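Open the structure in your viewer and have the selection tool ready.

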Amino acid sequence: MKRIEAVIKPFKLDDVREALSEVGASGMTVTEVKGFGRQKGHTELYRGAEYVVDFLPKIRLELVVAEDQVDRCVDAIVQAANTGKIGDGKIFITPVEQVIRIRTGEKDEEAI
């Protein structure tokens, strides 16, 4: 099993969710986060004063999938989240040792 964590632009969330549903991803966790990478934020004007916004709003998706679903899920995220502009995000893939469903006690593949 693998944990896929993707940081994407907020307005791409619905597109990514739909794309993941189409490839069979059964669930995910979504968190509103702030951060920056190469983008380094931007400047904004508020009531005549210019200020720097260092941390930009992003969405972090987390899902755990079977090994054979990883490539399909990653491809779906890349296709749906891509705008071709800086700040589209990143995907991190890490191994998962064990999953346990609290309600039933199911483990690993059955618990996903």
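Before the first stop, one term: a crossing is right-handed if the near helix is turned clockwise from the far one by less than a right angle. Keep in mind, too, that this is a predicted model.

**Stop 1: two helices.** Select helix H1 (residues 13–22) together with helix H2 (residues 70–81). The two pack at an angle of about 150°, and their axes are 8 Å apart. Angles over 145 degrees count as roughly antiparallel, so H1 is roughly antiparallel to H2. Look along the pair and you will find that H1 passes H2 in a right-handed crossing.

Now show side chains at the contact. From H1, pick Asp 15, Val 16, Ala 19 and Leu 20; from H2, pick Cys 73, Ala 76, Ile 77, Ala 80 and Ala 81. Colour them by class and you get eight nonpolar residues, one charged and no polar ones.

**Stop 2: the core.** Which residues of the largest nonpolar core touch the most other members? Of its 18 residues, they are Ile 4, Ile 8, Val 16, Leu 20, Leu 61, Leu 63 and Cys 73. Strand S1 (2–8), H1, strand S5 (56–65) and H2 each supply at least two residues of this core, with the largest share, seven residues, coming from H2.

Centre on Val 16. Beyond residues up to four places away in sequence, Val 16 touches Ile 8, Leu 61, Ile 77, Ala 80 and Ala 81.

**Stop 3: a lysine in a loop.** Finally, select Lys 12, in the loop between S1 and H1. Is Lys 12 buried or exposed? Its relative accessibility is 13%, so Lys 12 counts as buried. Setting aside neighbours within four places in sequence, Lys 12 is in contact with Ala 80, Ala 81, Asn 82 and Thr 83.

Technical notes:
Residues numbered from 1 in each chain as written. Predicted model: local features only at pLDDT ≥ 70, side-chain atom pairs only at ≥ 80, totals over all residues. Heavy atoms only, no water. Axes fitted to C-alpha atoms, helices over the stretch in contact; angles between N-to-C directions. Helix = DSSP H or I, 4+ residues; strand = E, 2+ residues; numbered from the N terminus. Parallel < 35°, antiparallel > 145°, perpendicular 65-115°, else oblique. Contact = heavy atoms within 4.5 Å. Nonpolar A, V, L, I, M, F, W, Y, C, P; charged D, E, K, R; others polar. Core = buried A, V, L, I, M, F, W, Y, C linked by side-chain atoms within 4.5 Å. Buried < 20%, exposed > 50% of the residue type's maximum accessible area, 1.4 Å probe, protein only.
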